[in-house]
Amino acid sequence: MKKIIFLIALSSFSLFSEAQQVKTPAASLKAEVEQMVGLTDVEYEYSRPNKKGRVIFGGLVPYGQVWRTGANENTTIKFGDDVEIDGKTIPKGKYAIYTIPHEDTWDVIFYSDSENWGTPEKWDDKKVVLKTTAPVKKLAESVESFTIGINNLSDNSAHLQFMWDQVLVDITFHVPTQKIANASIDGILSNPRADANAYYASANYYLQSNGDMKKALNWINRAIDLKQGESPYWYYRVKSQIQAKLGDIKGAIDSAEKSLDGAQKEGNKDYIRLNTESIKEWKKIL
C-alpha cells in the first residue's frame, strides 16, 4: 500500500513539475531561414544576440579572435548545390560559419564541422573549406539584433550579409543556375512529347539570361506551332524580344503587333502597354 501511495505521489509531483515549468525567452533568439537563390536552396540557422547598449566589436566581440558569428551553438549554412566564392568552390553541404572581425575587415570562414557549441575546443585547419576576407561597411543606424541575411538576389548570385551595431559585412556567392537550367532544358526538350510550355519556358530563360538567341527563336516558334493555331500573346511577346535581339526589327514589330492584338482581346493592360512601347521604339529604328 505504501508503494502505491509513493508511486501516486511521484506521478503527481512529475505532473506538477511539468505544469510548473517557467517559460522565459532565450537571451539570444534562434532564427531558421530558407532562401532560394536561382535554382539553389540555401538554409541557415543562427542565434541572435542583442546589443543592449554594449560596445560590440572591439568589446563584446574582440578583434582578431575567432567568433562563433552569433550566440550558442554553431551558426550554420547549408547549400543545396556547389557554390563559388572568390572563384573557389564550396561543395554542397552544411557548414559552420566562423568569423574573425577586425576594425576594417572580417575574415569569414566556412568550417566543415558544424556540431560545436560556440567555437571548437581544438581548431582544425583541415576543416576550413574556404576562408575569405571582406571589408567592413559602416551603417548610418545601429542594428540592435545581430542579423544574417541573403540579399541582392539575382539568378546567379546573392550576398551573404552580417549586420550588427553599425557594422555591415557582405560576401558574394555564385550559384550554378545556368548549368542546372541547361541540363533541365536538354533533358525535357530531348523528349519528343515536350509540350508548348516547355519550349516557351526554355526560350524565355535564354532571352532573360542572354543565351543563344537562335536556339531561343527556334524554341518559341515550336511553342507557337504546338498551340495549333492559337495566338497566346505572351508567347508572341517573347518572340518579338528575341527577334529584336537578333536584329530582325521588322519581324519583332510583326510579333509585337500579334501580341498586342491578343492582349487587347483579353484586356491585359500590362501587355498592351509593353507592346505599344516596344512597337513605338522599334519603328524609330526602321
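## A predicted chain, residue by residue

A158 sits in strand β10, which covers residues 157-174; helices (H or I, at least four residues) and strands (E, at least two) are DSSP runs numbered from the N terminus. This is a predicted model, in which local features need pLDDT of at least 70, side-chain atom pairs count only at pLDDT 80 or more, and totals for chains, interfaces and linings use all residues. Residues are numbered from 1 along each chain as its sequence is written, and side-chain values use heavy atoms, with hydrogens and water left out.

### Around A158

Is A158 buried or exposed? With a relative accessible area of 0%, A158 is buried; the word means under 20% relative accessible area, while exposed means over 50% and partly exposed lies in between (1.4 Å probe, protein chains only). Setting aside neighbours within four places in sequence, A158 is in contact (heavy atoms within 4.5 Å) with V37, I150, N151, N152, L153, I171, T172 and F173. H174 is 16 residues from A158 in sequence, yet their C-alpha atoms are 6.7 Å apart in space.

### The chain as a whole

Along its principal axes, the C-alpha trace spans about 90 × 65 × 40 Å.

Of the 286 residues, 39% count as buried. Among contacts between residues at least 6 apart in sequence, 54% join residues at least 24 apart. The accessible surface comes to about 16,900 Å², and 50% of that surface belongs to carbon and sulfur atoms; these areas come from the Shrake-Rupley method with a 1.4 Å probe, and for residues only the protein chains shown count as cover.

As for charge, the chain has 36 positive and 37 negative side chains, and the centres of the two sets lie 2 Å apart. Lys and Arg count as positive and Asp and Glu as negative, with His and the chain ends not counted. Each charge is placed at NZ of Lys, CZ of Arg, CG of Asp or CD of Glu.

### Salt bridges

How many salt bridges does the structure hold? There are nine salt bridges, each being a side-chain nitrogen of Lys or Arg within 4 Å of a carboxyl oxygen of Asp or Glu. The table gives some of them.

| Pair | N to O distance |
|---|---|
| K30 and E45 | 3.6 Å |
| K265 and D261 | 3.3 Å |
| R273 and E277 | 3.8 Å |

The side chains of K30 and E45 meet in a salt bridge. This pair links distant parts of the chain, with K30 in strand β1 (residues 29-37) and E45 in strand β2 (residues 40-48), 15 residues apart. K30 is partly exposed at a relative accessible area of 46%, and E45 is also partly exposed, at 28%.

K265 and D261 both belong to helix α6 (residues 249-266), four residues apart, about one turn of the helix. K265 counts as exposed at 66% relative accessibility, whereas D261 is partly exposed at 37%.

Helix α7 (residues 269-285) holds both R273 and E277, again four residues apart, about one turn of the helix. R273 is partly exposed at 42% relative accessibility, and E277 is partly exposed with a relative accessible area of 42%. Elsewhere, salt bridges that share partners join K30, E45 and E73 into one network.

Most residues other than glycine have a negative phi. K52 has a positive phi of about 50° although it is not a glycine, and T69 likewise has a positive phi, of about 65°, without being a glycine. K52 lies in the loop between β2 and β3 (76-79), and T69 is found in the loop between β2 and β3 too.

S240 lies in helix α5 (residues 233-245). Its relative accessible area is 0%, so S240 counts as buried. Apart from neighbours within four places in sequence, S240 is in contact with A252, S255, A256 and W282.
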